[in-house]
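Please look over the sequence and the structure before reading on.

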Amino acid sequence: MKKISLALLLLLSGCAVGPDYQRPSASVPLHYKEAKGWQRAAPQDDQNKGEWWAVYHDATLSSLLRQVSISNQNVASYAAQYREAQALAAQSRAALFPTLGYDVSGTRSGTRSATSGARSTTNSNSAQLSASWELDLWGKLRRTREENAASAQASAAELANVTLSAQSELAQDYFQLRIMDEKIARYQQAVAAYDRYLKVIKNKYQAGSESRATLAQAQMQLESARASALDEQWQRAQLEHAIALLLGKTPAEFSLPAAPLTASLPQVPQALPSQLLQRRPDIAYAERNVAAANAAVGVAIAGYYPDLTLSASGGTSASALHNLFSLPYRVWSLGPDLSGTLLDFGATSAKVDQARAAYDASVASYRLAVLTAMQEVEDDLVELNTLTSEMDAQQRATDAARESARVTRNQYEAGMIDYLDVATTEASSLSAQQSLLSLQSTQWVTSVALIAALGGGWQMTP
């Protein structure tokens, strides 16, 4: 009884071997090079982000993105893993408390003498309750609970990261598809114009007022535009298939009719709150893995110490069923069980070293996640800032190319120049328009990438 009292005293003292968790430091600058107004942040990965895509004001996009968390099969897989991690954490909490079990049995056995042939039969009936409690003297069970709880939190962050990744990928595909619709429309307009030119030149060729070379040039320009339009169409189909996959559908089940892009491109605020970066689920995932690895060190250290389990059982045992609950047939047992390792040739020490190394690796991964997040935000910010000036220049070039094409068309129709000059300026104008659309596509995609890099937008919701 003295040993049991001592064990209970140690248990109540809250002793737990291994280091208590402290969030590892990560070097975060006071501001970004490409944006002003950033301050050092405290982690806020559990903050509600809302529907980050609402800033684009596109009803079709919003409808699609809401389906990702429901129908995306990769998200569904990680959701199941999160439920599994939650169940494991609940199991670890239950291990801190006593367990109560029961055992009821009844047997009938017989023997037969080989010499006399006489038979004898015996009955055995028993009913028993048992209880056991592993005293967490050294904090092994508590550290295990901490490890599994942190792992469950990491799983939740991983689920959020996978969901955000799938949503941002779908949004990027959607904007690329819409810009591709515009590209195809421009090619189709060019095909219609080139076809009209070709008909005119054929008539002039048959009348003897145009050369064979001019006719060939017009035919080449028309077919080249058709080929470019077809090239855009199969790329558009693949984007549509990718969106279907992100929605958990087959390509045959999903279609997105061609339509103009009516979304609004959000403007990045001049001052972005510092808490945004800390909302990134991948950073939360890495930090929770550090907490789990820290607790695992305590579990490994507890291997040096013995385990103490208190157990008790009581019940009855009788050959006749009607005597089973009679006082003379009652049985009971009570006692502690102390078990440990006397010699393992360094196995426990190796486990501790392994746990410490895993912790160091998780700290490095956490710091790398923070550095990577900083780089992604910087990259997206500088790209958006540069694209603005680049698109302005390309817009001016496109306007000039269109004006040049208009002037040469008028000159050709007036008989002042050859069609070769028209073909050259028309091709330059079409190329400039397509280049401008490509820059717009990059701008939309980078905008989504920045929102994802900030953990789901720059709107701070309570």
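What does the accessible surface of the chain come to, and what percentage of it belongs to carbon and sulfur atoms? The accessible surface comes to about 25400 Å², and carbon and sulfur atoms hold 54% of that area. Accessible areas come from the Shrake-Rupley method with a 1.4 Å probe; for residues, only the protein chains shown count as cover.

## Basis of the model

The model is predicted: local features need pLDDT of at least 70, side-chain atom pairs count only at pLDDT 80 or more, and totals for chains, interfaces and linings use all residues. Residues are numbered from 1 along each chain as its sequence is written, and side-chain values use heavy atoms, with hydrogens and water left out.

## Overall architecture

The chain holds nine helices and four strands. Helices (H or I, at least four residues) and strands (E, at least two) are DSSP runs, numbered from the N terminus. Along the sequence their order is α-α-α-β-β-α-α-α-α-β-β-α-α.

Of the 462 residues in the chain, 38% are buried; buried means under 20% relative accessible area, exposed over 50%, and partly exposed in between (1.4 Å probe, protein chains only). Among contacts (heavy atoms within 4.5 Å) with a separation of 6 or more, 83% join residues 24 or more positions apart.

## Confidence

The predictor's confidence in each residue is given by pLDDT, from 0 to 100. Its mean over the chain is 82, with 81% of residues reaching 70 or more.

## Packing of α4 and α9

Helix α4 (residues 140-207) packs with helix α9 (residues 419-453) at an angle of about 170 degrees, their axes lying 9 Å apart. Axes are lines fitted to C-alpha atoms, for helices over the stretch in contact, and angles run from 0 to 180 degrees between N-to-C directions. The two helices, α4 and α9, are therefore roughly antiparallel to each other (an angle over 145 degrees).

## Asn289

Asn289 lies in helix α7 (residues 281-301). Its relative accessibility is 27%, so Asn289 counts as partly exposed. Leaving aside neighbours within four places in sequence, Asn289 is in contact with Ala154 and Ser362. The C-alpha atoms of Asn289 and Ala150 are separated by 6.8 Å, although these residues are 139 residues apart along the chain.

How values were computed. Parallel < 35°, antiparallel > 145°, perpendicular 65-115°, else oblique.
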